[in-house]
Amino acid sequence: MQFIDRADIQVAAGKGGDGMVAFRREKYVPAGGPSGGTGGRGGSVFMVAVESLQTLLDFQYNRIFKAEDGKRGAPKNMTGASGEDRTIEVPCGTVVYDAETQAILADLVTPGQTFCVAQGGKGGLGNKCFLTNSNRAPDYAMPGKEGEHKFLRLELKLLAEVGILGLPNAGKSTLISALSAARPKIADYPFTTLVPNLGVVKKPTGDGTVFADIPGLIEGAHEGAGLGYEFLRHIERTRLLLHLIDVTDEDPIANYVTIQEELKAYRRGLADKPQILAFNKVDAIDLESEEIGNLISRLKEISGAPVLLISAVSRVGLDELMQQVWQKLDEMNEKEAAEPEAVASV
C-alpha cells in the first residue's frame, strides 16, 4: 500500500432549497391565502476519523466532495426535503487545515471523532412566511442560501507513543522488526526506509504500544534536505523518542548532535520530548575497548542521559532497552495523572 500523508481537497455543502410561492385554492376555504413552503436545508460535509484507514491515498484520486442540495418548498405549507449530508472518512491523526488561511480547523485523533467542515445552506422562506395584516397575498419567496465551499489541506500525523529516529542506516528498521511484527525493507545502504513504519510492541502487561520508525534524517532536514522534512511531523504526536546512533560510524557523537539540531530547528517541541539514547551495532565492535568507553562518556556528558548498548541484528541489549522504555512511559503516565490533581488543588 502506498503511503500518502498529505492531500488537498475541495468540499462543497449543499445549497438550501428555494422557498415557494403558492396559494390555497380549496373549495370550502374562502380567501385561502398564501401556502408556499420553506425550502429544505442543504446537506453539510462532515469528516470522521476511522481506525480502518492508515493513509490518505484515497484522496489522490477523489478530491472533490459535495453534499446534496435541499429541495424546493412545496404547496400546502410543506417544507422541502433536506439535502443528504456527505461524510468523509479519514485516518485517525488527520489534521484539517483551511488551505487559504492555513488555519487548523480540526485535529481528528480518536476513532469516531467528527467535525463539520462545510455547513449546508439554509432553505429559503416560502410566501406563507411573509403574510402580514397589510399584505394578505405576498407573491414572493426567498431563494435558498449557498452552502459553504472550502479548499482544505489534510495532513496525517501518525499516532505512536514511541518514535525511533536516527541518521540513515542507524538500524531503525531492523530494531522495529526485532521488536514487533512489522517487516520494513532492510538493506545496507542509506534511505532504505522511504515511508514511516508502524509496529505494535507487546507490553509486559499484555497490551500493545505503537512504535514508529521515522525515515532517516540528515543535516538540513528541517529545510527540506533528505526525507526528514516530509516525516518530521510524525514525531510531533509521539510521547517518547528512541534515538539510535550507529556506533560503527566515523563520528557517532557528531551524528547525535546533528539529529538534536534538526529537532531544535524544526521546533514544535520536538527537542523537549524525553529521549532514550542507544548505541546500535555493538556486535561489530569490541565493548572492552577504550574507544567505546570514551564514546559513552562523551555522549553522557553532552546529553546528560544514560546510554544503552544494543544490537538490533543480534538482539543484544533489547530486554534492557525495553525495560527503560516501559519504565519511562510509566513515569510519564504517573506524572500526567498527577497533574490534574495539582491544578485542582491550586
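This is a predicted model: local features need pLDDT of at least 70, side-chain atom pairs count only at pLDDT 80 or more; totals for chains, interfaces and linings use all residues.
Residues are numbered from 1 along each chain as its sequence is written, and side-chain values use heavy atoms, with hydrogens and water left out.

Ala118 sits in strand β7, residues 114-118 (strands are DSSP runs of E, at least two residues; helices are runs of H or I, at least four; both are numbered from the N terminus). Leaving aside residues up to four places away in sequence, Ala118 touches Val11, Ala13, Ser44, Val45 and Glu148, where contact means heavy atoms within 4.5 Å. Its C-alpha lies 9.0 Å from that of Gly14, 104 residues away along the chain.

## A six-stranded sheet

Elsewhere, six strands make an open, mixed sheet, ordered β10-β11-β9-β12-β13-β14 (a pair needs at least two DSSP bridges). β10 (197-202) and β14 (307-309) are at the edges with a single partner strand each, so one side of each has no neighbour in the sheet. From one strand to the next, the twist averages 25° (axes are lines fitted to C-alpha atoms, for helices over the stretch in contact; angles run from 0 to 180 degrees between N-to-C directions).

β13 (residues 275-280) pairs with β14 in the parallel sense, over three bridges. Leu308 in β14 is the bridge partner of Ala278.

## Helices on the sheet

Helix α1 (residues 172-179) packs on the sheet, touching β9, β10, β11 and β12, and its direction makes about 160° with that of β11. Helix α3 (residues 252-266) also packs there, touching β9, β12 and β13, at about 145° to the direction of β12.
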